[in-house]
Amino acid sequence: MDALIASGLPTKKDERYKYTDIAAALEPDFGLNLSRLPLSFDPRQTYRCRVPGLGSRVHYVVGDSVAESNVIVDDGRLFVGPMVEFAQRYPDLFRAYYNKVEGDSLTALNTMLVQDGIVIRVAKGCKVDDLLQIVNLSVGNVPMLANRRQLIIMEQGAEASILCCNHSATGCNNLATEVVEGYLANGSHLQYYSVEETSDNCNLLNTTAFMQHEGSNLEYGSITLNSGLLRRSVKIEFDGSNAQTTVSGLVLAHGTSHIDNNLLVAHNAPLCRSDILYKYVLDGSSTGAFAGKVLVNAQAQKTDSQETNANLCVSPSARMFTQPMLEIYADDVKCNHGSTVGQLDDTALFYMAQRGITPEEGRLLLQQSFAWDVLQRIDLLPLRQRLIHMVEERFRRGIGACGDCVMCGGNEI
Amino acid sequence: MLKSRVKSQEPRVKNDNTFVRDVANRDYEYGFTTDVETEVIECGLSEEVVRLISQKKGEPDWLLDFRLKAFRHWQTMEQPSWAHVELPLIDYQAISYYADPRGRKHKSGRQEIDPELEKTFDKLGIPLNERLALSGVAVDAVMDSVSVKTTFKEKLAEKGIIFCSISEAVGKCPQLVRQYLGSVVNYRDNFFAALNSAVFSDGSFVYIPKGVRCPMELSTYFRINAINTGQFERTLIVCDEGGYVSYLEGCTAPMRDENQLHAAIVEIVVQKDAEVKYSTVQNWYPGDKEGKGGVYNLVTTRGLLKGERSRLSWTQVETGSAITWKYPSCILQGDDSIAEFYSVAVTNNHQQADTGTKMVHLGRNTRSTIVSKGISAGHSQNSYRGLVKMSDKAGGSRNYSSCDSLLLSDTCGAHTFPYIDVNNDSSVVEHEATTSKISEEQLMYCNQRGIPPEEAVALIVNGYAKDVLSKLPMEFAVEAQKLLSVSLEGSVG
C-alpha cells in the first residue's frame, strides 16, 4: 500500500502507459470478494477448456478464488496448488520467492488486494510430462475486480509446460489484475503460454516477470483472441549467461478492443539470446499498442537479440501504435529489430481471385497465414494445432468459438 | 564548407590514407576565440531583457508582442527531461542573451565589419569578401547574436530571391516574416522553442518566389564567440510554388570549460511543387576528453510541406556538441508530398546525442524516408528517437525507416526509440534497426592490406555512413568525411 501511495497509479503521461488509460479502466465501481463467498458452482462440471491429444492437469481460478475442487499436487517433485496452502507447507520457499518482482504501482495494487493464487513448483531435475493448465474464469452478476496471482518456481534442470487460459462467464463489466512471477534456475526449461479468450467487457491488467539464470530456456507465448481492454507488462531478465528466451505474441482484435503489450527483455549477463515476435491483426475500431524494449547492459557481451513486430490494420478505423526499442551499453552484440504496419497484399489477393477463391476467403487465408508465423513457434504440437484451430474459428466465426464446452455452445460434458 | 575548397587548391602530394590519418590526429580545430569588441548585455532573463533585445534590433510592436507572449508562456514551463541525455538544470539567469560583435557604428552611421571578424571567418573557411569566395554559394555569417554579413544578396535579388538575416527581413519584408514566423514551430511547442521565440537573435531568412530555382547554394554559418552567452538563432525558409533551394548550415564554437547554450528554431514552409534541401554539418565544440565544457545544442527544426507534391529533404551530420537534442521534422500536409531525413550522428568521449525525426503524414499518398546512422565511441551515448505518424486522412501513404548503430567501445551506448502511430488501413510503415560493432573480419581484411587500424576504422565508418554522405552537397560531403575521422580520433585500440 505504501508503494502504491508513493508512486500513484500510472497515467498516460507515463511513457510506459501512454497508450492505455489505466485510470479509466479502474474508474467503474467494482465489487471485491472480500468476504470470500463460496462458489455457487463447480467449474469442473460446467466448464471445460481442454487441449485434445495432450494430457493436462487443470486448475480453476474463478474470479479471484482458487476452486476447491482442484486437486492439489504435492509429491515432492511437483507442487501445484493454492498459494495459501503453499505458504503453509513451504514457508521458507514462499518467503524466498514471493513478491520479489520489481513491479510498478499496478503490481503493488495487486499485492495489496490479492487473497490467493496458484503456485507451481517443479523440483530440481524433474520433468513434468503433463501440461499444467490454469483456467481463469471471470464470473459475477455485478461488476467485480478480481486480483489473481501466479508463482512459478523452476528449480535447477526442471522442465514444465504451463498453459494459462482466461475465459469469461459473465455479461457484466469486470476487471482483473494479475501478477505472474517466474523463476528459472540454472538449466531449467519452461514453456508458458497464455490464451486470452474473454469478452468485450472483460478487462485485464497483467504484470508478468521472469528471472532467468544460467543456461535456462523460456518459451513465452501470449495469444489474444478476444478481450476488452488488455494490458500486459512482461519483463524477462537474464541473470546468468547462456540463457535464452523466445517470446511470441499474437493479437486478434475487433470491435473496440484495446490490446497493449509492453515488453522488456533485460540482458544482464553475457551470451544470452532473445527472439521476439509479435503480430497484431486489428479489425473494427480496435486499438493495438506494442512497446518492446531490449536492454543490453554493459556486462552482457555477445548478446544476440532479434525483435520483430508486424501488424495488419484491416479496417479504416483500426489504430496501431508500435515502439520497438533498443537500449544497448555493450559493444560486442548483435541486435536488431523490425516493425511494419500495413495491409493484406493486393497481389496475393488477386492471385487467389484468379484461381477462383472468393475475396472473403482470400482475405481469411492471408490473415491466417500471417498469424501462422507466431503459432508455428509453439513447441507443443497438440497445443499448436489446437490454437491454429481456434485462430481459424476466430477468423471464421468471430467471438468465443473454442466450441468445446457448455459456454461456447459446444459439446456438453 | 568552403575550407575544403580552399584546401583542394593545394598540391595533393599526400595520398588519401595519410590525409585521413592527419585529420584524425587533429583536435577540435575551430576552438580558437576572436578578440573583437563585443557589446554584451548583462546576464539574466526577464521581460526587460526581452524588451531590450527587441529595442536593440529596432523591431516593430507585433514582433515584441510575439516575444513577450512566448516569454510569458516559457515562464510557465519546465525544462524537459524525457530525452536519453543527462542534461543538467540550466541556470537561465546566468546567460547573456545578446552579444553583438560588430562593435559601434561608424560615424557615417554605416556599420563596418571589424577586420578581426573577417579574419575569423576566413580562418573558418568562410570568406566574407565576395571576390574571394567561389561563386555558387551565398553565405550569411552569424556570430553570437547578429548576422555579420550576407554575401551575394544583390545577385540573388535579381531573381527575386530574398536572402538576408531575419532582423533585416523584419524591416524589408515584414508581411512575409509576420505571415510565416511561428507558423511551423509555435512558441508553445516546447520549452526551448518558447525560450527561442522570446529571445531569438539572428538567423537567416530565405524567400524563393514562385517558379524560381535558386541558382546557388545558400548557406548560413553560425559561430559562438563571446563567453557566457547563448545563441538563439532563428531561421525561416519559405519556398513558394514551384521553387527550389538548397540550403546549408554549418556551426562552430571556441573551446571553453563552461557549457554554452544553443537553442535554435528552424522553420521551413514548402509550397505546392516546391523543393527544399536542408543540409547541416553540426560541429559545435563537443567538450574535452573528460567531458568538460561543450555546447548544449537544443534545437527545434521543422518543415511544413504545405502544398501538393512539395518535397523536403533534411540531411544532417552531427559530430559536435556536448549534448544534442534535435529532431528535424516534416509535416506532410500536401497530398503526394515527399519528405526525407538522412542523418549521421557521431558521439565520442562524453558526448550525448538524442536525435532523430518526426514524420507526420496528414495528406494522401505522402511518402517519407528515414535513414539514420549512429556511431558511438568512448563513453558517449547516442540515441535515435523518431516518430512516424499516419493520420486517418493520410490514406495510401508510405514510410520506410532504417536506423543503424555502430558501437566502437564497450563503454558507450547506442539506443533506438522509434514510435509508429498508424490511424488508417491503407498506409504502409516499415521500420528496421540494427546495432553491431565493426566486424573483426573487416578490420583484419584492411590490416592485411597494410591499412593501420585507425585508418581502417575511418574507412569503414565512412563506408557505413555513405548512404547519408552521398545526399550532401559535394563540398559538405568532403567536410563531413573529415569530421567523421576527427570525431572518432583515439577511439580505436
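**Before you start.** This is a predicted model: local features need pLDDT of at least 70 and side-chain atom pairs count only at pLDDT 80 or more, while totals for chains, interfaces and linings use all residues. Residues are numbered from 1 along each chain as its sequence is written, and chains are lettered from A and ligands numbered from 1 in the order in which they are written.

**Stop 1: chain B.** Select chain B. It holds 13 helices and 23 strands. Helices (H or I, at least four residues) and strands (E, at least two) are DSSP runs, numbered from the N terminus. Of the 493 residues in chain B, 56% are buried. Buried means that 20 or more other C-beta atoms lie within 10 Å of the residue's own; exposed means 12 or fewer, and partly exposed is in between, with C-beta atoms placed from the backbone. Now look at contacts, that is, residue pairs whose C-beta atoms, placed from the backbone, lie within 7 Å. Among those in chain B between residues at least 6 apart in sequence, 83% join residues at least 24 apart.

**Stop 2: where A meets B.** Show both chains. The contact takes 31 residues from chain A and 27 from chain B. On the chain B side, strand 22 (413-422) and strand 23 (428-437) each supply at least two residues. That side divides into ten nonpolar, eleven polar and six charged residues. Here Ala, Val, Leu, Ile, Met, Phe, Trp, Tyr, Cys and Pro count as nonpolar, Asp, Glu, Lys and Arg as charged, and the others, Gly among them, as polar.

Next, select strand 20 (residues 334-342) of chain A. It pairs with strand 23 of chain B in the antiparallel sense, over seven bridges. Pairing requires that DSSP finds at least two bridges between the strands. Zoom to A:Asn336, which stands opposite B:Thr434 in strand 23 of chain B.

**Stop 3: a helix pair in chain A.** Select helix 7 (residues 346-354) and helix 8 (residues 359-375) of chain A. They pack at an angle of about 130 degrees, with axes 9 Å apart. Axes are lines fitted to C-alpha atoms, for helices over the stretch in contact, and angles run from 0 to 180 degrees between N-to-C directions. Helix 7 and helix 8 of chain A are therefore oblique to each other. Angles under 35 degrees count as roughly parallel, over 145 as roughly antiparallel, 65 to 115 as roughly perpendicular and the rest as oblique.

Show side chains. A:Ala348, A:Leu349, A:Met352 and A:Ala353 in helix 7 meet residues of helix 8 including A:Pro359, A:Gly362 and A:Arg363.

**Stop 4: two buried loop residues in chain B.** Select B:Ser321, in the loop between strand 14 (311-318) and strand 15 (323-326). B:Ser321 is buried, with 31 C-beta neighbours inside 10 Å. Leaving aside neighbours within four places in sequence, its contacts include B:Trp284, B:Pro286 and B:Gln351.

Move to B:Ile438, between strand 23 and helix 10 (440-448) of chain B. B:Ile438 is buried, with 20 other C-beta atoms within 10 Å. Not counting residues up to four places away in sequence, B:Ile438 touches B:Leu406, B:Leu408, B:Leu443, B:Val457 and B:Ile460.

**Stop 5: positive phi in chain A.** Most residues other than glycine have a negative phi. Select A:Asn99: its phi is near 55 degrees, a positive value. A:Asn99 lies in the loop between helix 5 (91-97) and helix 6 (105-113). Finish at A:Lys302, where phi is near 65 degrees, also positive. A:Lys302 sits in the loop between strand 17 (287-296) and strand 18 (304-313) of chain A.
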